Amino acid sequence: MTISISSGFDSGNIRVLSITDTPAGVRAELEIVHDHQSDFYQWFHFRLANAAGREVELAIVNGAGSAYPDGWPGYSARASEDRENWYLADTSYANGTLTIRLTPDSNAVWLAYFAPYSMERHHDLIAWAASQPGVVHRELGLTLDGQPLDLLTIGDGPKQVWLYARQHPGESMAEWWMEGALERLCDEQDAVARLLRQKATIHLVPNMNPDGSRRGHLRTNAAGVNLNREWHEPTADRSPEVLLVRNAMDATGVDFAMDVHGDEAIAAVFIAGFDGIPSITEKQTALYHRYRDTLASRTPDFQTRLGYPVATAGKANLSMSTNQVAERFGAVAMTLEMPFKDNDDLPDADYGWSPARSIQLGKDCLAVLAEMIDEI
């Protein structure tokens, strides 16, 4: 049978340059396709077919020009034969080429930058959550590709909490995190959920970028726009996703916000704050540090040693959501980052950072929020 490599499906991304038989098996040269109307690329997701029992070498040759080439050293691709369990594939990086080696047991195996979170799974998540007691679903509007932008609201307390994920669509761990958060919040027997639903009104946008997600983008929407650089002045023709969410925030106000992401290069879980915004207060800063430090004490999968540089006074980029929300509403806001690689402090040789760990982190983050919700 002839080896086949395809990506014509939800979030698929790869271009086949060549497939060559070798004495050991087969070698394919591939390249990742740019986000539409953008220079960004790093996300890949494709299916390898008709290769059961054969040694396969997959060489992605344009790694050096990707958005974050520092993300490749120490990284392992994810592979799955059932699209449920995603394990680490034998992966190396040298001279701009990411090489994945495997000998599949099945004639169909999927490979991806991280375990995908499909739009079909997203719709299943929305349908399930919307049917739970006390959950209100609202479609905020449509994206440029005509997909719905979904908002779920849970609880009726006075504190206004906003949780939103996947502004950058290739960071699929962010929606796995959302699945964990929603599972916990919808559990009526969970004390953390009951407390939060009493004390706060929690607004969740599980996927801020449906178009980029379906198109197989790393970082941008259908117009090639990085949504996390649009929060100062979003527009309907460039960034309707941000415009819709920010307008909804304006209607409710925001006391606490978490923007959930994945980081290509840093092999750790961390958060970034809003240092450098013009109107920063001691209370905001103290609560942010308390949340960060408490989360570090509660879960070994979170740490405070590694992270992003801190902005100097007055130098915060207000086009980014965490800075804009903290400045606009006086909120305690933060960006949560999970790794594409692994948490090197607590590595998993089989799965690396995974959907299961992302789901658990979502639940852990809510527990810390419950501890301090009265003070926010």
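This is a predicted model: local features need pLDDT of at least 70, side-chain atom pairs count only at pLDDT 80 or more; totals for chains, interfaces and linings use all residues.
User: Why is the radius of gyration of the chain said to agree with a compact globule?

Analyst: For 376 residues, a compact globule would have a radius of gyration near 21 Å, and the chain has 21 Å, so the value agrees. Along the principal axes, the C-alpha atoms fill a box of roughly 65 × 45 × 40 Å. Buried residues make up 57% of the 376. Of the contacts with a separation of 6 or more, 76% are between residues 24 or more positions apart.

User: Why is tryptophan 177 called buried?

Analyst: Buried means under 20% relative accessible area. Tryptophan 177 has 1% relative accessibility, therefore it counts as buried. Tryptophan 177 lies in helix 2, residues 173-185.

User: Which residues have the most contacts inside the largest nonpolar core?

Analyst: They are Phe44, Trp177 and Tyr291, in a core of 106 residues. With neighbours within four places set aside, tyrosine 291 is in contact with residues including Phe256, Met258, Met334 and Cys365.

User: What makes the phi of serine 11 worth a remark?

Analyst: Most residues other than glycine have a negative phi. Serine 11 is not a glycine, yet its phi is positive, about 70 degrees. Serine 11 is in the loop between strand 1 (4-6) and strand 2 (15-21).

User: Is serine 11 buried or exposed?

Analyst: Its relative accessible area is 3%, and with the cut-off for buried at under 20%, serine 11 is therefore buried.

User: Where is arginine 83 found, and what is its phi?

Analyst: Arginine 83 is in the loop between strand 6 (78-80) and strand 7 (87-88). Its phi is near 60 degrees, a positive value in a residue other than glycine.

User: How do you know whether arginine 83 is buried or exposed?

Analyst: Exposed means over 50% relative accessible area. Arginine 83 has 52%, so it is exposed.

User: How far apart are the mean positions of the positive and negative charges?

Analyst: The mean positions of the 31 positive and 52 negative charges of the chain are 3 Å apart.

Methods: Residues are numbered from 1 along each chain as its sequence is written. Side-chain values use heavy atoms; hydrogens and water are left out. The radius of gyration is taken over C-alpha atoms; the globule rule is 2.2 Å times the number of residues to the power 0.38. Buried means under 20% relative accessible area, exposed over 50%, partly exposed in between (1.4 Å probe, protein chains only). Contact means heavy atoms within 4.5 Å. Lys and Arg count as positive and Asp and Glu as negative; His and the chain ends are not counted. The place of a charge is taken as NZ of Lys, CZ of Arg, CG of Asp or CD of Glu. A nonpolar core is a set of buried Ala, Val, Leu, Ile, Met, Phe, Trp, Tyr and Cys residues joined through side-chain atoms within 4.5 Å. Helices (H or I, at least four residues) and strands (E, at least two) are DSSP runs, numbered from the N terminus.
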